[in-house]
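Please keep the sequence and the structure in view while reading.

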Amino acid sequence: GRMRNKMAKKRGSKNGNGRRPTRNGRWTELDARLKQLAERAEQTDRAVNRLTGSWGQFVEGMVEPSWMKFLEQHGSHVLQRMRNVEASLNGENAEYDLLAVSPSEVFVLEAKTTVSSSDVDEFESRHFGRFFEFFPRFKGLTLRGAIAGAKWGEGADRYALRKGFYILRPSGEAMKVSPPDHPAKQPPSTS
């Protein structure tokens with residue numbers, strides 16, 4: 001009796017990780033799952049860095065060449081391409097990993113290590129949806145969006161395609177480009 005009371009007092013009412021124990025061990029299960037996910041994300045980052053040396057080289061070495069080749073093969077004569085483009089407007093900032101400009105279109109590409117459905121929504125509202133606010137000089141061109149990911153979350157690739165965006169996924173030493181189901185709805189190009 002005394003030993004058990006002493007142990008209970010030492011532990012208090014919480015288990016070793018500072019949480020109250022549950023009947024079905026859900027905290028332990030969740031902690032283990034979160035640890036697995038963190039390890040997978042780290043492995044993905046290490047793999048990308050091994051392949052490319054750095055994130056910039058991933059975009060420059062894998063994403064950009066595959067994207068440019070795809071655009072040229074599909075009739076978009078790219079006149080200008082710009083990497084790591086930043087713009088500011090009324091104290092807000094926008095960053096674009098890659099812009100490609102043809103006589104009639106401007107393609108905006110976002111590259112991510114892991115792409116989730118919420119990343120697709122953020123791209124649609126922030127990067128794609130507000131593009132002409134940050135770059136009024138491109139008004140009059142048709143805007144196209146693309147998302148490149150070293151890894152895609154469950155269903156995120158199909159979601160992006162349904163939203164009207166091109167997707168780029170690793171395929172051997174290059175990126176495989178998949179066109180969208182339909183073009184994305186154009187954001188307003190006038191203020």
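Pro179 is partly exposed, with a relative accessible area of 47%, where partly exposed denotes the range between buried, under 20% relative accessible area, and exposed, over 50%, computed with a 1.4 Å probe and protein chains only. The model is a predicted one, in which local features need pLDDT of at least 70 and side-chain atom pairs count only at pLDDT 80 or more, whereas totals for chains, interfaces and linings use all residues. Residues are numbered from 1 along each chain as its sequence is written, and side-chain values use heavy atoms, with hydrogens and water left out.

Pro179 lies in the segment after β6, strands (E, at least two residues) and helices (H or I, at least four) being DSSP runs numbered from the N terminus. Leaving aside residues up to four places away in sequence, Pro179 touches Phe70, Leu161 and Tyr166, a contact being heavy atoms within 4.5 Å. The C-alpha atoms of Pro179 and Leu161 are separated by 7.1 Å, although the two residues are 18 residues apart along the chain.

The chain has six helices and six strands, which follow one another in the pattern α-α-α-β-β-β-α-α-β-α-β-β. The six strands form an open sheet of mixed pairing, in the order β1-β2-β3-β4-β5-β6; two strands pair if DSSP finds at least two bridges between them. β1 (80-89) and β6 (174-178) stand at the edges with a single partner strand each, so one side of each is left without a neighbour in the sheet. On average, neighbouring strands of this sheet are turned by 35° against each other, direction ignored. Helix α4 (residues 117-128) packs on the sheet, where α4 touches β2 (92-101), β3 (105-115) and β4 (142-152), and the direction of α4 makes about 145° with that of β3; axes are lines fitted to C-alpha atoms, for helices over the stretch in contact, and angles run from 0 to 180 degrees between N-to-C directions.

At one end of the sheet order, β5 (residues 166-171) and β6 pair in the antiparallel sense over five bridges, and Leu168 has Val177 in β6 as its bridge partner. The hairpin of β5 and β6 has two residues between the strands, and Gly172 takes a positive phi near 70° there.

Two nonpolar cores, sets of buried Ala, Val, Leu, Ile, Met, Phe, Trp, Tyr and Cys residues joined through side-chain atoms within 4.5 Å, are compared here.

| Core | Size | Residues, among them |
|---|---|---|
| Largest | 29 residues | Tyr96, Leu99, Phe131, Phe135, Phe138, Ile147 |
| Second, separate | 19 residues | Ala100, Ala148, Tyr166, Val177 |

Phe138, one of the residues with the most contacts inside the largest core, touches Met82, Val101, Val106, Phe131 and Phe132, not counting residues up to four places away in sequence. Of the 191 residues of the chain, 37% count as buried.

How far can the model be read with confidence? The mean pLDDT of the chain is 83, and 78% of its residues reach 70 or more, pLDDT being the predictor's confidence in each residue, from 0 to 100. Among the elements, helix α1 (residues 2-11) has the lowest mean pLDDT (50), while helix α6 (residues 156-163) has the highest (96). Over residues 6-13 the pLDDT is below 50, and this stretch has two contacts in the model beyond near neighbours in sequence.
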